[in-house]
Structures are given as structure tokens and as C-alpha cells.
Amino acid sequence: MRVATYDHFGKPSDVLSVGERPMPQPAANEVRIKTILSPIHNHDMLTVSGQYGYKPEMPAVGGSEALGIIDAVGDDVTDLSVGQRVACASVHETWAEYFVAPATMVFGIPDSIEDELAAQLIAMPLSALMLLEFLEVESGQWIIHNAANGAVGKTLAMLAAARGVNTINLVRSKDSLEELTALDIKNNVVTADDDWQDQVRAIIGEDKVTAAVDSVGGESSNELLSLLGSNGTLVSFGIMSGKPMQLDAGSLIFKQAIVKGFWGSKTSQEMDLDNKQRLIDELLERATNGNLKLPIEAVYGLDEITKAVSGDVQSGKKGKVLLKP
């Protein structure tokens, strides 16, 4: 079968190529899936470059999420069947014509959800939903988060709104603001504006920010902390700036703020199956009723992997880039 493979870490467009591998055989607790579509996530790119928390053995195959059809099941698998349309995330080697996954990480997808949405329904939306619960926010409370035009940022805003939680969504440009507006996401602020923090305070009014999610790091961490209410929680979700979090000790002390880290993949792997299924069911409901919209930028064939991961495609995208074997 064909795979998108690499034998050393590096820039994805330099080290990835199409290769051949034997068809994988599922273990007793696994299923084999024929891939329909597989997204290219930022963490997939970081994995290929050797900058992620998970480092595969070489030679490796890229990818961590996919939609597909089960074509073989292990001896111990009883609740999944051959021919079933499924999605999975927090798995490995999905940039391939076939891959194997633990049965506990695989979920049936109703036919009413289109392929392009279903292919990216688990990883980022589930991370956003797990993050929402990790923040322990209730209906009527406020969350502020930066990099809000990213995949998790968009879904966090949509899923929070569906639960009655308010979000303030920080982006760096007018173009990014238009992306959020097109998805009917409210309370968007451009941090390039000189008065952006005053805009945030005007939106909140007499309320306070209960939780802040930082995907950028550096000085942005402290900017979120400055807007956080007393006894609020600041969560580090990413470090897009490449710089360590900068936090004012006075604000931490006098606000009695809590600072935590959140890693969606690890949380997903450690979550018990019933609890995860509860969250997946919510995602399926939101996707079916239109509360969750996941735009795509383009679909590329597996043979076009070098182009699909290139800076020309990835840097300007307004939705997810998908691979089709």
C-alpha cells in the first residue's frame, strides 16, 4: 500500500515522500481502516519536524486522524464491524491507504455527516470540548483565547456558544476576524488595534473573565493574565510564538490565578471510554444540527503530499487541508 513516509526529522516538505509498505494487520484489540480522508494538523507537521511530544521510530508514516471504512477487525473487537464508516484521532500513520487503530479510539459516524466534516471531527473538536470541560466553566461565564482563528479556537468558540458559555476570540488581523464572522462567531477582537484590551473590557462589562486559553506564549500570556478575573484560570495550550510564557508575578499573586497546561492527545488517550463517547455524541449532535462548522482549504491526493505540507499551502489556509489516498 502507499504511504506518506519519512526516515528522518526535518521540514515536512523536504522529508516527506510517497512510499510503499506492507498492509498492516490488526492486533486482537485493533481494527484496520481503509482511509477515505485524513487531515493535516499542525501537530502532525511538528511531529514530522521532530518538535512534538511524540517522536515515532524511523522510518515513520505521518498522520494522526482519519475517516475511513473498517475492512478487518481483531479477534477481541466486538462493538465494531467490517464495512462500518468510522473516524478516529490520537492514532498513528493515517497518511496511508490503510492503517490500524485501537478499537477504543474508533467511533462510528452517521451517514448524515459529510466526509469533509467527519474527517476532522474528532481531533480538534474533541480537544476543544475536553478543554472546555477542563476549564470548568459554566453557562454565562466568559473565556478569552488567542489564536482564535485556528482549528481549536474556532471549534472552542462554537462549542462554548452551544453550551451557553461566552467567548472573546482574539485574532491578529482583519482577515482572521472575517473568518470568524463568516462562521457566525461573536465577540471577536483584533489584537493589532491599539485599544484592543479596552474593546475586551467593553464587551465584558461588569462581568469577569473566568478562564483564558493561551496558544501563543511570550508576552501574549501576560496580556491574557492581565484580563483574567480574580481566581481565574490561565491554560497553556500551545506556544506558536516559540517563546516561553511571560507572566507578571504581581498579577498571579493578587488575582490568585491558577496556571495549568493542557495536552489534548494525552487527555484523550487517558479518558475512559464512556466519558469520551459522551463527548463524541455531543460533537455528532453539533455537527448534525449545524452548530459545528469545520471549513476545508483543499483536498490533495497522497501523491501530492509534498505540496500539501508546503508553506505555500499551509501558511495561507483558511480551513483544514485533507489528504485523499
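Me: What makes a set of residues a nonpolar core here?
Reply: A nonpolar core is a set of buried Ala, Val, Leu, Ile, Met, Phe, Trp, Tyr and Cys residues joined through side-chain atoms within 4.5 Å, where buried means under 20% relative accessible area (1.4 Å probe, protein chains only). This is a predicted model, in which local features need pLDDT of at least 70 and side-chain atom pairs count only at pLDDT 80 or more, while totals for chains, interfaces and linings use all residues. Residues are numbered from 1 along each chain as its sequence is written, and side-chain values use heavy atoms, leaving out hydrogens and water.

Me: Which members of the largest nonpolar core touch the most other members?
Reply: Of its 50 residues, these are I109, I113, L121, L135, I143 and L283. Helix 4 (123-134) is among the elements that each supply at least two residues, and the largest share, 8 residues, comes from helix 4. Another core, of 18 residues, lies apart and includes M45 and V313.

Me: Why is D214 said to have no salt bridge?
Reply: A salt bridge requires a side-chain nitrogen of Lys or Arg within 4 Å of a carboxyl oxygen of Asp or Glu. The nearest side chain of opposite charge, R172, is 11 Å away, therefore the buried D214 has none.

Me: What makes the pair D214 and S221 a polar contact?
Reply: The definition asks for a pair of N or O atoms within 3.5 Å; within protein, one must be able to donate a hydrogen and the other to accept it, and residues adjacent in sequence count only if both atoms are side-chain atoms. The side chains of D214 and S221 are joined at 2.4 Å, so the pair qualifies.

Note on methods: Helices (H or I, at least four residues) and strands (E, at least two) are DSSP runs, numbered from the N terminus. Lys and Arg count as positive and Asp and Glu as negative; His and the chain ends are not counted.
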